[in-house]
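Open the model in your viewer and keep the selection tool at hand. We will go stop by stop.

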Amino acid sequence: MPVAKNALDQSANTKNQGGIQSLEIGLSVLDVLIDRHEPMMLKDIAEAMQMHPAKSHRYLVSLIRKNYVRKLDDGRYGLGDRVNALAALGHTELSQNNLLARLTQVANEIKDTLNCGVQIAKWFSEGPIIIQSVEPNSPISIITRIGSRMPLTTSATGQLFASYQPDAVIQPLVTAEWQSSNAAADMTEKWQNFAQLQAKIRTQGYATVTGDMLMGINAITIPVILPHFANSAANLSASSDKTASEALPLEYAITIIGTTEQLPMSEQQNVVEQILAIAQRYQIA
């Protein structure tokens, strides 16, 4: 990886300028993990650093001791809580740019845990758009193309966003979807039923679909709740009031998608708990 090599070259060039070469190399190891956006095996880190694995391991041990790196059960190395805490500090443009990298880390860990596809969506004026997809290591992979707009009425992603946005924004978009599908049912009745679904989603804190978009494909979507909205999120979890949800600006959501075998709805609660446990470690839930 060129970034790591350049960092080593810079370390050598600044050795006589009062810097600490070992510290710079250690930070370069950390840079490799940050740039990769997902956990890595020791041999891959060593290759990126152009360094013997034993030497790379010593730097990783030090970074683990200071909680900048953590070792996963499968032997890979990922970013530690200190890095995640630094990424969460402030709300500058830089930290916003780092948010997608953090969400991608979460998506990769969920993918490795559940062996399902994971996608990240962001809310835009026309609806939720997929901005990142992570494909599982499986013969069967369900992935939505980046840039796709998710329907508000039939996708877990859309239903979740529809439940966390003002009715004045959502109702025209939902009505347009129903009209485009030539739905003959009474629009007032359909909206009342949809409002009940919104309330249910806000109460439980996530959305699910079972074959609503594609037969045999299930999906679960959770909202991305950043630390500075934690109090609003706590209030929201205790209430299904639409006014409470409008006070919580939902910009991002994470969706897990798979076949009925990969993502059985009979295990829904257990799956949601696993997803939330991973998201909470990264301070986004």
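The tour covers a pair of helices and then some salt bridges. Keep in mind that this is a predicted model.

**Stop 1**

Select residues 42-49, which form helix 3, and residues 53-65, which form helix 4. Their axes come within 9 Å. How are helix 3 and helix 4 oriented to each other? The axes cross at roughly 100°. An angle of 65 to 115 degrees counts as roughly perpendicular, and helix 3 and helix 4 are therefore roughly perpendicular to each other.

Now show the side chains at the crossing. From helix 3, pick L42, I45 and A46. From helix 4, pick P53, S56, H57 and L60. These two sets meet. Colour the contact by residue type: 5 are nonpolar, 2 are polar and none is charged.

**Stop 2**

Next come the charged pairs. Side chains of opposite charge can pair when their charged atoms come close. The structure holds 8 salt bridges.

Select R70 and E109. They form a salt bridge, and the closest N and O atoms are 2.6 Å apart. R70 sits in strand 1 (residues 69-71), while E109 belongs to helix 6 (residues 93-114), so this pair ties together parts that are 39 residues apart in sequence. Is E109 buried or exposed? E109 counts as buried, because its relative accessibility is 9% and the cut-off for buried is under 20%.

**Stop 3: R76 and D112**

R76 is buried, at a relative accessible area of 14%. D112 counts as partly exposed, at 31%.

**Stop 4: E251 and K122**

Finish with E251 and K122. The closest N and O atoms of this salt bridge are 3.7 Å apart. Where do the partners lie? E251 is in the loop between helix 11 (242-246) and strand 7 (252-259). K122 is in strand 3 (residues 117-124). The pair links distant parts of the chain, 129 residues apart. Check the surface too: E251 counts as partly exposed at 36% relative accessibility, whereas K122 counts as buried at 19%.

Technical notes:
Residues numbered from 1 in each chain as written. Predicted model: local features only at pLDDT ≥ 70, side-chain atom pairs only at ≥ 80, totals over all residues. Heavy atoms only, no water. Axes fitted to C-alpha atoms, helices over the stretch in contact; angles between N-to-C directions. Helix = DSSP H or I, 4+ residues; strand = E, 2+ residues; numbered from the N terminus. Parallel < 35°, antiparallel > 145°, perpendicular 65-115°, else oblique. Contact = heavy atoms within 4.5 Å. Nonpolar A, V, L, I, M, F, W, Y, C, P; charged D, E, K, R; others polar. Salt bridge = Lys/Arg side-chain N within 4 Å of Asp/Glu carboxyl O. Buried < 20%, exposed > 50% of the residue type's maximum accessible area, 1.4 Å probe, protein only.
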